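I opened the model and kept notes in the order in which I looked things up.

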Amino acid sequence: MTHSGHKISARQRWTPTAVQLRILERIFDEVTGTPSKQKIKEITSELSQHGQISETNVYNWFQNRRARSKRKQAVAAESEVETEVESPKTKQDNLPVPQAKQDACFQNPQITSQLHLLGGSYRSTHGRVSEI
């Protein structure tokens with residue numbers, strides 16, 4: 001309450017209608033920055049046909065929309081950098097092992113004897129499965 005006894009009313013929050021949002025998004029895609037005062041007046045006039053709105057609402061919407069857009073771009077750029085950092089390691093891990101390296105372990109008598117003790121089978125150098 002003020003000292004004259006009158007209650008100060010709380011400012012009402014503006015909630016754009018679906019039509020207003022579509023118009024604002026379309027204009028946002030067309031302009032490169034926050035519109036000029038004259039353009040904001042024109043936008044407000046157009047949007048007022050679809051619900052109550054003030055020039056301050058339009059100005060603030062563009063400021064907030066631009067900030068959201070920049071945050072989204074920063075997150076996308078950050079995740080792209082993370083992907084590039086992980087890529088070489090991931091690519092290296094997913095490369096097939098050359099057949100010569102696969103076959104090398106079966107040419108090593110120690111490994112072959114260990115496989116024999118396990119009682120398993122292995123693929124020979126000719127691609128056939130052999131019992132040990």
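I looked up arginine 65 and its accessibility. At 17% relative accessibility, arginine 65 counts as buried, because buried is defined as under 20% relative accessible area, with exposed over 50% and partly exposed in between (1.4 Å probe, protein chains only). Arginine 65 lies in helix 3. I then listed what arginine 65 touches: leaving out residues up to four places away in sequence, these are Glu25 and Phe28. Contact here means heavy atoms within 4.5 Å.

Before going on I noted the conventions. This is a predicted model, in which local features need pLDDT of at least 70 and side-chain atom pairs count only at pLDDT 80 or more, while totals for chains, interfaces and linings use all residues. Residues are numbered from 1 along each chain as its sequence is written, and side-chain values use heavy atoms, with hydrogens and water left out.

Next I checked the overall make-up. I noted 5 helices and 2 strands in the protein. Helices (H or I, at least four residues) and strands (E, at least two) are DSSP runs, numbered from the N terminus. The order of elements from the N terminus is α-α-α-α-α-β-β. Of the 132 residues, 17% count as buried. Among contacts between residues at least 6 apart in sequence, 41% join residues at least 24 apart.

Last, I looked at how helix 1 and helix 2 pack. Their angle is about 150 degrees and their axes are 10 Å apart. Axes are lines fitted to C-alpha atoms, for helices over the stretch in contact, and angles run from 0 to 180 degrees between N-to-C directions. Helix 1 and helix 2 are therefore roughly antiparallel to each other, a label for angles over 145 degrees, with under 35 roughly parallel, 65 to 115 roughly perpendicular and the rest oblique. The contact uses Gln20, Ile23, Leu24, Arg26 and Ile27 of helix 1 and Ile43, Glu46 and Leu47 of helix 2.
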